[in-house]
Amino acid sequence: MDMSQGKFSLETQRRLWSMCREGGALAKIQSVRHIQLGVNNVLVSFDPQEKHPSELKELLVRAWSQAAPSTVKGKLLEVPVVYGMAEGSELETVANNANMSIEETIALHTSVEYHVACIGSVPGFAYLVGLPDPLTTPRRTVPRTRVPKGAVGIGGPQTGVMPMDMPSGWNLIGMTHLDLFDPQRDTPSLLSPGDRVRFISKSSLK
Amino acid sequence: MIEILSNGALNLVQDLGRHEFLNIGVSSGGAMDTQALQLANAMVGNQPTDAGIEVSIFPFRVKFLQNTCFSCTGSIGTLKLNDRQHSGWWTAFAQAGDVLSIAPPVHGARAYLAFAGGIDVPLVLGSRSTDLKSGFGGHLGRGLRKGDVLNLRRHTQTPTRRQASYGIAPPSRMELLQNSSTAPTTIRVIANAEFDDFTKESIKLFERSGYRLTPDCNRQGFRLEGAALKRVRTQDLLSHGIVPGTIQVPPSGQPIIQMAEANTCGGYPKIGTVIEPDLWRVAQSRPGQSLKFTFVDFDQGLEVAQKIQHEMQSLQNSISLMT
């Protein structure tokens, strides 16, 4: 189900958080197996032998029309970042694109609280929304085949932290030490949809 | 216990995957050809969810360090237990010291080996499958290497000393084997979210021209090449859920089919989704081979799923009479 109307809407995402949460309206629908929350959209997998797609569609539309915005205040995670530390850092590219100095760019990136829209792509990766407009930077034309775990980047209007070594087309602006995902932990993903993140500029990572 | 005698970064401990953690970005994973693994398990009296080995690098050799029943399905070349040669989907009893070898298949890409009791590796997030992309699950989160020793779980029923050696022949597989050398494999697809964004010409091309698998095909996805697909609207999409079978079309116009280790979210427009009962046909295709797509509606897709389900059921019934 695609609820987006072009640009990201936090209000829409708040309604999705409440509809998609554990035990929420979607999980209660018979035949629903898996719910993959996206950015202003949701993918629902179901057993078509239990419920015909047309019947399910009606139930999904009804659930969405009744979904109220989530009022849960997610936990706040402070993320220490050494800006400019990442190998082949593009902090300068981001600063130039914003027409700002490096210092101003860091100050702007650390000035706001980001919301975790959803977790996905790779294990524990949080899609963070709320990037100040001037920092929006187009992705690299040729993605890197590998960026290191802990790299902080900007891809279009989104920012985030790589939970593992992975390919990425994002502009890297710094590094953090953070285990966003550990399959052995009781809660494998450090962040959940609705949580908040604030980046803190550090001179070194201890 | 069994000892691996050949190196193969893509020979992996797999079961039917982990599906309960998609909401935190963990891929479904598991066997690329789930039907083949399920039938291999059935032939040795295992649960469908028990772990076996997905073999993609041939020749593959394994030594039995204990007496046990085993079975081999999927795409198999010549199968040898010591010097005795067998072909097809086959199960037998091996004694400690026996060596099983699988030669490269003539058609298809992956073979599946099951052992009575299943492979004993720890459950990670509810599954024994290897997540190669994230490096966890299976045997140390990696492909099998020469010298690796794997434990087998205790079988719920004591295997008979000399279980009958026998083979099975699933009808849906026979048809593919006869065709694969000449005609492209036909893959049935249901229209996906951005179907209407593609030009009518592109939809026609997508159905009429074949798409060849490039060398860039792995457990995460298969990149294809053929007539470039164009969209009428080219707005960027916000990140959204994808599943194994999702066919994405990046700006190059060359489709990508998401496979078992698909990321849980993506951003490219989607022209269609391979119906689940046809995913194994994609999984068993090799670089250089061509796929042909044909659109079906939900009800046609459902009909195929039910037909395959019946076939699986009747095969499993026949197998249970043998064991």
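The legends below describe close-up views of a predicted model. Residues are numbered from 1 along each chain as its sequence is written, and chains are lettered from A in the order in which they are written. Local features need pLDDT of at least 70 and side-chain atom pairs count only at pLDDT 80 or more, while totals for chains, interfaces and linings use all residues.

**View 1. The two domains of chain A.** Chain A is divided into domain 1 (10-66) and domain 2 (76-201); domain bounds come from an automatic or database domain assignment. Their C-alpha centres lie 29 Å apart. Seven residues from domain 1 of chain A and eight from domain 2 of chain A make up the contact (two residues are in contact if their C-beta atoms, placed from the backbone, lie within 7 Å).

**View 2. The largest nonpolar core.** This core has 75 residues. A nonpolar core is a set of buried Ala, Val, Leu, Ile, Met, Phe, Trp, Tyr and Cys residues joined through C-beta atoms within 7 Å; buried means that 20 or more other C-beta atoms lie within 10 Å of a residue's own, with C-beta atoms placed from the backbone. B:Ala40, B:Phe70, B:Cys72, B:Tyr112, B:Leu113 and B:Phe115 touch the most other members. Domain 1 (2-168) and domain 2 (179-311) of chain B both give residues to this core, so it lies between them.

**View 3. Surroundings of B:Cys72.** Not counting residues up to four places away in sequence, B:Cys72 touches B:Ala40, B:Leu79, B:Trp89, B:Trp90, B:Ile102, B:Ala111, B:Tyr112 and B:Leu113.

Key. A residue is buried if 20 or more other C-beta atoms lie within 10 Å of its own, exposed if 12 or fewer, and partly exposed in between; C-beta atoms are placed from the backbone.
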